[in-house]
Amino acid sequence: MTAGVPKIELRDVQKAFGLDGRRVVALGGVTLAAGEAEFVSLIGPSGCGKSTIFNVVAGLTEPTSGEVLIDGRRPASRLGLVGYMPQKDLLLPWRTILDNVILGLEVRGVDREAARREALAHFPAFGLAGFEDRYPAALSGGMRQRAAFLRTLLLGKDALLLDEPFGALDALTRADMQEWLLHIWETYRPTVLFITHDVDEAILLSDRVYVLSERPAVVRREVRIDLPRPRRYEVVTTPAFTTLKATVLAALRSRPEPALTLGGGR
Amino acid sequence: MARLVTTSPPAPSPQAERGLGGEVSRPLAEYAASAALALTALLAWEVAAAGFAIPKWLLPAPSDVVAALVASWELIARHTLATLEEVLVGFVASFVVGVALAVAIVRSRVVERALYPFVVASQTIPIVAIAPVLLVWFGYGLWPKAIVVVLICFFPIVVNTVDGFRSVDPDLVDLLRTMGATPRQIFTKVQVPTALPYLLSGTKIAIAVSVIGAVIGEWVGAQAGLGYLMVRSAAQFQTARVFAAILVLSAMGVALFGLVALIERFALAYRRAS
């Protein structure tokens with residue numbers, strides 16, 4: 001854990017839903033934290049409740065029990081406090097790319113022209129130069145994700161929730177985007193909570209990785225990634241990387257035992 | 001009158017209607033087939049009318065219709081303006097009422113439960129039956145016609161716009177909420193733009209049937225308008241003039257529809273840009 005108050009902290013967060021008359025427990029007491037300028041990944045089996053964690057942190061839904069702290073405080077509403085980038089790019093088809101990325105600034109009440117000027121300065125770094133006036137339908141998947149990410153960054157929040165942003169991209173684009181994200185993160189140094197189910201991606205990008213259990217999700221293991229920064233994509237072939245990968249994979253696959261202990265506890 | 005019965009407004013799905021706007025943009029060449037068909041039919045009609053010596057009062061030839069149009073030009077123009085006024089007043093009122101109802105229905109469950117059944121029920125009332133009552137209430141002037149137009153036109157606007165608001169992606173709403181957006185910002189930045197294509201589809205249907213509404217209103221009782229002119233001309237066996245009035249009415253309907261389609265083209269420019 002980094003020194004000082006964590007940017008985002010979850011303390012024993014539980015979340016249960018009523019679904020078709022049944023009670024479904026999505027989060028079974030999740031405790032985790034992300035420090036200032038730290039890149040933290042959440043990895044776990046699909047359907048384990050990762051996105052529910054984000055919905056709770058972003059303030060879209062309240063936990064059934066437990067606490068969510070932002071900057072060490074419990075705000076009345078967390079809506080508008082962190083930048084949330086969902087799995088789908090959710091670009092507005094009727095807005096140009098430029099007007100899409102300024103959406104958050106607009107919501108904050110920034111004047112449209114000023115917002116556009118601020119956004120334009122970032123277009124080259126995001127590989128979007130020349131596409132300012134195009135509509136989302138004209139862009140490739142990678143570009144759409146970069147636009148969605150720029151929209152998230154422009155919100156001006158120093159904590160970002162990225163929910164499998166590269167999940168829908170092909171392997172090659174994905175590798176490019178990961179390296180690009182490393183570069184962007186090193187430039188802006190936001191706090192990032194990152195959801196993925198790709199072990200390589202989690203290790204490549206993160207300072208720490210939380211391995212989550214099946215539903216109801218709890219943190220099964222926390223793995224510190226002490227690979228030196230700045231990192232390049234080539235790091236995935238180093239022995240240190242392979243060792244970390246073995247650790248994370250082992251934690252992911254150690255299914256029966258923790259699941260049983262959990263079942264007994266509930 | 002048989003034709004009237006079939007003119008109750010349909011409630012087509014917006015998806016089915018969306019293609020219509022594109023037709024305006026297509027090259028003229030695509031209309032070559034329909035133009036050829038129309039010309040052939042007109043020619044056959046002309047030849048048949050002359051060949052079988054059909055009396056003009058029974059079935060005037062296309063040339064007779066054009067002749068009537070030219071001869072009665074001033075008369076027809078005066079009545080056209082009267083009908084156009086009824087259509088425009090009725091249509092603008094339908095648009096305002098339709099959009100307001102749709103917003104109210106989408107925003108409040110209570111309003112929806114209270115109003116939606118009546119909105120639907122309003123379409124089961126035979127307009128031809130209610131028009132005489134409107135005549136009794138509002139006299140021979142503009143208003144009973146405008147009200148008939150509203151009764152016919154507001155429905156496709158309400159239904160389509162409600163469907164449009166309902167089709168909003170809930171994930172998009174959540175995204176704006178995480179940005180700290182107010183309900184008002186979510187409405188203007190997400191819900192309205194999502195509903196706009198549906199609203200425009202409903203508007204195209206409404207404008208296309210608005211002319212019919214005005215004519216029904218006039219048939220029941222009027223002192224001016226193309227519908228009134230048709231009734232009067234038919235009574236005088238001026239059949240060519242009846243056809244001339246129908247021709248002008250169709251042209252009016254097509255022109256108004258084209259206008260809305262044009263507005264749609266500009267409003268939804270993003271759809272063609274990709």
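Trainee: How do you know that β3(A) and β8(A) pair, and in which sense?

Mentor: Between β3(A) and β8(A) there are 4 bridges, in the parallel sense. The model is a predicted one, in which local features need pLDDT of at least 70 and side-chain atom pairs count only at pLDDT 80 or more, while totals for chains, interfaces and linings use all residues. Residues are numbered from 1 along each chain as its sequence is written, chains are lettered from A and ligands are numbered from 1, in the order in which they are written.

Trainee: To which strand do 5 bridges join β3(A)?

Mentor: β7(A) is that strand, and the two run parallel. Here A:L42 stands opposite A:I195. A:I195 is also the bridge partner of A:D163, within the parallel pairing of β6 (159-163) with β7 (191-196) of chain A over 5 bridges.

Trainee: Why are β5 and β9 of chain A called edge strands?

Mentor: The open sheet has 6 strands in the order β5-β6-β7-β3-β8-β9 (chain A), with mixed pairing. β5 (83-85) and β9 (219-224) of chain A each pair on one side only, and therefore count as edges under the pairing criterion. Neighbouring strands of this sheet are turned by 15 degrees against each other on average, direction ignored.

Trainee: How do you know that helix α1 of chain A packs on the sheet?

Mentor: Helix α1 (50-58) of chain A touches β3 (39-43), β5, β6, β7 and β8 (208-212) of chain A. Contact requires C-beta atoms, placed from the backbone, within 7 Å. The helix direction makes about 150 degrees with that of β6(A), on a scale of 0 to 180 degrees between N-to-C directions.

Trainee: What makes chain A as compact as a globular protein of that length?

Mentor: Chain A has 9 helices (H or I, at least four residues) and 9 strands (E, at least two), taken as DSSP runs. Its radius of gyration, over C-alpha atoms, is 19 Å, close to the 18 Å from the globule rule (2.2 Å times the number of residues to the power 0.38) for 266 residues, so the description holds. Of these residues, 44% are buried.

Trainee: What makes the side of domain 1 of chain A that touches domain 2 of chain A nonpolar or charged?

Mentor: The domain assignment, automatic or from a database, gives domain 1 (8-82 + 158-265) and domain 2 (89-156) of chain A. Contacts link 8 residues of domain 1 to 6 residues of domain 2. The side of domain 1 has 7 nonpolar, 1 polar and no charged residues. Nonpolar means Ala, Val, Leu, Ile, Met, Phe, Trp, Tyr, Cys and Pro, charged means Asp, Glu, Lys and Arg, and the others, Gly among them, are polar.

Methods
Buried ≥ 20, exposed ≤ 12 C-beta atoms within 10 Å, placed from the backbone. Contact = placed C-beta atoms within 7 Å.
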